[in-house]
Amino acid sequence: MNIIAFDLGGSGGKLFLGKYSGNKLHIQTLHRFEHAALPINDNLYWDLPMIYQELLKGLSAAVEITNDTIDSLGIDSFCNDFALVSPKGELLTQMHSYRDPRTMQLSSEIYKIVPPEELYQINGNQIAPFNTLLQLGAMLLQGQQYLLEKNTLLFLPDLLIYFLSGRRFTEYTLASVSQLYHYHKNDWSGYILKEYGISKSLFAKIVNPGTINCRTNEQINNTLHTKGFSITHVCEHDTASAFLASVCKGDYAIISCGTWALIGTETPGPIINKYGYKYNIANEGGYPGHHRILKNVMGTWIIQEIRADLKNQGIDYSFSEMENAAKEAKPFQFTIDVDNEIFYSPGHMIQKIQDYCKYYYNSAPSTLGEIIRCVYESLALKYRCNLERLHVLTGKSFETINMIGGGSQSEMMCQFTANATGKTVVAGPIEATALGNMIVQLAALKQISGIEEGRNIIRNSFPTHEYKAAEGQLWKKQYKKFLLQFNL
């Protein structure tokens, strides 16, 4: 079987060819590219035409390498961001980035319509400025109601599928985190739509992950010089795909570490109560039987932005070079609450960290090593804080932590997480999102029985590395200081 996974993150896209031989899965990188949200006036937009062109480049390579024997394509990306398509198929709007400032500026007005606690009781989604509801609410308050009439909202992966096939659908895992969905009704929340004056006709039909109902159209086939191939609706929310590739067994937590760090666990269904609302713990839909309870942490976004700051100064450090610099710095000189809203928007990240530290310490990290170490130590402490809250909500003790995704390549991040939590960290697989994408395709193609068989295949195909907890007393002391300092 030749299957293709397109995984689009907030800083880059990757296309992989997966070859399944019956007991092992081999993956080959077809194409990689970097991208970022583009500031235009006071807004942030994704460069959608560029993303689409890069997708076609990767698919063209796949057609050539496989001699045009592609069995399936699956697409996943970050959630919540969307564009509008007219009845005739015209792309009507640019796609705002979830970090666009308009939602934060207008959130208080949007939440006057339906208060945050009431929204949480309906769908258990985290209260966050990037949610689709906030983006739609901002459009309404800015007088753009006319754009929502008679047109179709398509989330980013579904929009790319539409470009390839001409068919419009909304994949379930994307709908489930929009703050517009109702789990118990398995549909959009009629109450929320009514209160905001949004027509249900704005949305395409919801389909479950593992559905195959699209195929590349004639125009794309001519462009790619292919006879065509099927497109599988995988878990199109990248976190949902990543969690499916977890390799641990028993009572464990998962940290999917990339631009965002998603700390969570799987449950049979939603857990929505006042405790979850108090700590803004998210419920997110997944492949059947793989509902997720998790917390968002800013993740390697801060490290990426530090690197971007340095690039703007003509200094190009690799991530490993930055981590090596951090190893030379003294421990626990500074910590920050990585989820403070000051770190949410792009630009001037080094200055933001220094200003934040000056406020709390009357001094600030000055060397690259001090800055990077501050971020990694702070991330690990915030991971522990959120794991403890997830334990209270779910009753799980989390004997081990599976660190997956690109962040699992950082020895410092993995070791610090083990030290901070006192638990063993199992690092890998690195390309968890693409692998989760692929095993849903294999299940849809009837090549495997389901996710558990897929996870066994991943265990047999890709290496992991264990990190044991160390320096327990030091980290316990620092954790207590961390909680007090930031009132967590």
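Trainee: How many cavities of 30 Å³ or more does the structure hold?

Mentor: The structure holds one such cavity. Please keep in mind that this is a predicted model, in which local features need pLDDT of at least 70, side-chain atom pairs count only at pLDDT 80 or more, and totals for chains, interfaces and linings use all residues. Residues are numbered from 1 along each chain as its sequence is written, and side-chain values use heavy atoms, with hydrogens and water left out.

Trainee: What makes a space a cavity, and what makes it a pocket?

Mentor: On a 1 Å grid over the protein atoms alone, a cavity is a set of points where a 1.4 Å probe fits but cannot get out, whereas a pocket is an open set with protein on both sides within 12 Å along at least five of seven lines. Lining residues have an atom within 4 Å of a point. Grid points are joined across faces, edges and corners, and a volume is the space filled by probe spheres set on the points.

Trainee: Which residues line the largest cavity, and how do they divide by class?

Mentor: The lining consists of Lys330, Phe332, Gln333, Phe334, Glu370, Arg373, Cys374 and Glu377. Ala, Val, Leu, Ile, Met, Phe, Trp, Tyr, Cys and Pro count as nonpolar, Asp, Glu, Lys and Arg as charged, and the others, Gly among them, as polar. The lining therefore has three nonpolar, one polar and four charged residues.

Trainee: What is the volume of the second largest pocket, and which residues are closest to its centre?

Mentor: The second largest pocket has about 560 Å³ of space. Of its 22 lining residues, Ile127, Pro129, Asn280, Asp339 and Glu341 are the closest to the centre. Helix 2 (102-113), strand 19 (291-297) and helix 14 (368-394) are the elements that give two or more residues to this lining; helices (H or I, at least four residues) and strands (E, at least two) are DSSP runs, numbered from the N terminus. By class, the lining of this pocket has ten nonpolar, six polar and six charged residues.

Trainee: Why is helix 2 called roughly perpendicular to helix 4?

Mentor: The axes of helix 2 and helix 4 (residues 132-141) come within 9 Å and cross at roughly 80°. Axes are lines fitted to C-alpha atoms, for helices over the stretch in contact, and angles run from 0 to 180 degrees between N-to-C directions. Angles under 35 degrees count as roughly parallel, over 145 as roughly antiparallel, 65 to 115 as roughly perpendicular and the rest as oblique. Helix 2 is therefore roughly perpendicular to helix 4.

Trainee: Which term applies to helix 14 and helix 18?

Mentor: Their axes come within 10 Å and cross at roughly 80°, so helix 14 and helix 18 are roughly perpendicular to each other.

Trainee: What makes strand 4 and strand 8 edge strands?

Mentor: Two strands pair if DSSP finds at least two bridges between them. The open sheet has the order 4-5-8, with antiparallel pairing. Strand 4 (38-40) and strand 8 (95-96) each have a single partner strand, so one side of each is left without a neighbour in the sheet.

Trainee: How do you know that strand 5 pairs with strand 8?

Mentor: Two bridges join strand 5 (residues 43-46) to strand 8, and the definition asks for at least two, so the strands pair. Tyrosine 45 has histidine 96 in strand 8 as its bridge partner.

Trainee: What is the order of the sheet of seven strands?

Mentor: This open sheet has the order 18-19-17-16-20-21-22, with mixed pairing. Strand 18 (282-284) and strand 22 (465-467) are the edge strands, for each pairs on one side only. The twist averages 30° from one strand to the next.
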